[in-house]
Amino acid sequence: MELSRYLAGLAEARGREPRDDMLSGLMTYRGPEGGMTQDEVVSTAVLLLIAGHETTINLIANGMLTFLRRPELLERLRAEPDLIIPAVEELLRYEPPVQFVSSRVALDDITIGGTTIPAGAPVVLAMAAGSRDPGHVAHPDEFDLDRPRNEHLGFGGGVHYCFGAPLARTEAQIVLNELIRRLDNPRLAADPPPYRPSAVLRGPRHLVVEYDGVAPA
């Protein structure tokens with residue numbers, strides 16, 4: 001709510017005096033069906049900041065934390081850069097930035113484990129727990145770079161599957177590979193780091209990494 005109020009103030013100001021930024025573009029754009037309302041602009045901005053930004057930076061921070069805790073894994077990724085692709089998939093399973101979603105409603109009566117969820121009832125999906133289901137994943141609490149058929153719920157599923165998944169994967173693969181390649185002797189300044197006070201979005205408030213030097217790009 002605080003974020004929405006803040007963005008509403010920015011949107012109103014950009015509507016009056018547009019600048020060269022995305023919020024101004026959302027406020028002033030007029031398509032065949034007209035423009036967006038201020039409420040629609042604010043909702044879109046919240047979505048972009050949380051789903052398109054915070055989740056990705058948490059994935060990157062969770063990845064560095066996981067790799068720096070395992071020096072042998074870091075060395076293997078440095079020697080075999082292509083392994084960053086399965087590494088990011090395992091991160092999405094092992095340490096996902098989104099732990100659960102609560103904006104779901106049962107469309108019909110559903111019986112699971114002898115309990116019936118009535119139609120219309122709110123449903124909370126613990127996706128992080130599903131990705132560590134021992135009935136589906138062998139050794140679920142271990143980070144396994146060679147895990148075969150890594151099926152996880154890091155991006156949800158079905159009609160709610162994250163449409164930003166290809167971009168998030170690419171961003172995480174590029175950033176983590178560059179950090180691994182360019183940082184000389186990276187190490188954690190504090191472990192565990194302080195975490196954001198959120199049960200939904202999991203990631204460090206900040207991740208301080210010490211290093212001896214940076215290789216050229």
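**The pockets and their surroundings**

Mentor: The largest pocket has a volume of about 1,200 Å³. Among its 40 lining residues, A51, V98, V101, H160 and C162 come closest to the centre. Two or more lining residues come from each of the elements α3 (38-68), β1 (101-105), α6 (127-130) and α7 (165-182).

Before going on, note that the model is predicted: local features need pLDDT of at least 70, side-chain atom pairs count only at pLDDT 80 or more, and totals for chains, interfaces and linings use all residues. Residues are numbered from 1 along each chain as its sequence is written, and side-chain values use heavy atoms, with hydrogens and water left out.

The terms come next. Rolling a probe the size of a water molecule over the atoms shows where empty space is left. A pocket is an open set of points on a 1 Å grid over the protein atoms alone, where a 1.4 Å probe fits and protein lies on both sides within 12 Å along at least five of seven lines; a lining residue has an atom within 4 Å of a point. Grid points are joined across faces, edges and corners, and the volume is the space filled by probe spheres set on the points. Helices (H or I, at least four residues) and strands (E, at least two) are DSSP runs, numbered from the N terminus.

α3 is the element that gives the most to the lining of the largest pocket, 10 residues. By class, this lining holds 25 nonpolar, 13 polar and two charged residues. Here Ala, Val, Leu, Ile, Met, Phe, Trp, Tyr, Cys and Pro are nonpolar, Asp, Glu, Lys and Arg are charged, and the others, Gly among them, are polar.

The second largest pocket has a volume of about 160 Å³. Its lining consists of 13 residues, with I57, I60, A61, H206 and L207 nearest the centre. α3 again gives the most, five residues. Nine of the lining residues are nonpolar, two are polar and two are charged.

R196 sits in the loop between β6 (187-188) and β7 (209-210) and E54 in helix α3, so the pair ties together parts that are 142 residues apart in sequence. On accessibility, buried means under 20% relative accessible area, exposed over 50%, and partly exposed in between (1.4 Å probe, protein chains only). R196 is partly exposed at 26%, and E54 is partly exposed at 21%. The loop that holds R196 is also the place of P192, and the peptide bond from D191 to P192 is cis, with omega near 5 degrees.

L3, Y6, L49 and I50 make a nonpolar surface patch of about 340 Å², to which α1 (2-16) and α3 each give two or more residues. Patch residues have over 30% relative accessible area and no salt bridge; like charges are joined within 9 Å, and nonpolar side chains (Val, Leu, Ile, Met, Phe, Trp, Tyr) within 5 Å. The areas come from the Shrake-Rupley method with a 1.4 Å probe, and for residues only the protein chains shown count as cover. L3, in helix α1, is partly exposed at 33%. I50, in helix α3, is partly exposed at 32%. From I50 to I60, 10 residues along the chain, the C-alpha atoms are separated by 14 Å.

As for the whole chain, there are seven helices and eight strands. The C-alpha trace spans about 55 × 55 × 30 Å along its principal axes. Of the 217 residues, 33% are buried. Salt bridges number 16; among them, R14 and D21 meet at 2.8 Å, N to O. R14 is buried, with a relative accessible area of 14%, whereas D21 is partly exposed at 28%.

Conventions. Salt bridge = Lys/Arg side-chain N within 4 Å of Asp/Glu carboxyl O.
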